[in-house]
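Please read it alongside the sequence and the model.

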Amino acid sequence: MDKLLAILTQIAPIAATFAPGAGAIPEVAVAVAALLKYIRDQSGMTTDEILAQADVTLDEAEKMLLEDQIRLAGG
């Protein structure tokens, strides 16, 4: 899992060179939402708590996108 996360982290900036705003690409949002859902299910933490622990700041639109993806995944 760590290697997959490292790959996602390392290739996201490369994708941004081809598609500005690559963080909003649906596949990336789905992957991040799935990981957030997994962490929430295992730890009981809220999305905001997870993001704070990871030192990640998202704007409201990005948070809403992730929460929608989590809901679609059954969370």
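**A buried lysine and its partner**

K37 has a relative accessible area of 17%, so this residue counts as buried, the cut-off being under 20%. The model is a predicted one. K37 forms a salt bridge with D41, with 2.8 Å between the closest N and O atoms. D41 and K37 are four residues apart in helix α2 (residues 26–43), which means that about one helical turn separates them.

**Other salt bridges**

- The count of salt bridges comes to four.
- R40 pairs with E67 in a salt bridge, the closest N and O atoms lying 3.3 Å apart.
- Because R40 lies in helix α2 and E67 in helix α4 (residues 60–72), this pair ties together parts that are 27 residues apart in sequence.
- R40 is partly exposed at 22% relative accessibility, and E67 is partly exposed at 24%.
- R71 and D68 form a salt bridge with an N to O distance of 2.4 Å.
- Both R71 and D68 belong to helix α4, where they are three residues apart, about one turn of the helix.
- R71 is exposed at 52% relative accessibility, whereas D68 is partly exposed at 37%.

**Fold**

- The protein chain has four helices and zero strands.
- Of its 75 residues, 15% are buried.
- Among contacts with a separation of 6 or more, 53% join residues 24 or more positions apart.

**Surface**

- The protein chain exposes about 5,500 Å², and carbon and sulfur atoms supply 63% of that area.
- L4, I7, I11 and I14 make a nonpolar surface patch of about 390 Å².
- I14, one of these patch residues, lies in helix α1 (residues 2–18).

Key: Residues numbered from 1 in each chain as written. Predicted model: local features only at pLDDT ≥ 70, side-chain atom pairs only at ≥ 80, totals over all residues. Heavy atoms only, no water. Patch = residues over 30% accessible without salt bridge, like charges linked within 9 Å, V, L, I, M, F, W, Y side chains within 5 Å. Areas by Shrake-Rupley, 256 points an atom, 1.4 Å probe, with all protein chains shown as cover. Salt bridge = Lys/Arg side-chain N within 4 Å of Asp/Glu carboxyl O. Helix = DSSP H or I, 4+ residues; strand = E, 2+ residues; numbered from the N terminus. Buried < 20%, exposed > 50% of the residue type's maximum accessible area, 1.4 Å probe, protein only. Contact = heavy atoms within 4.5 Å.
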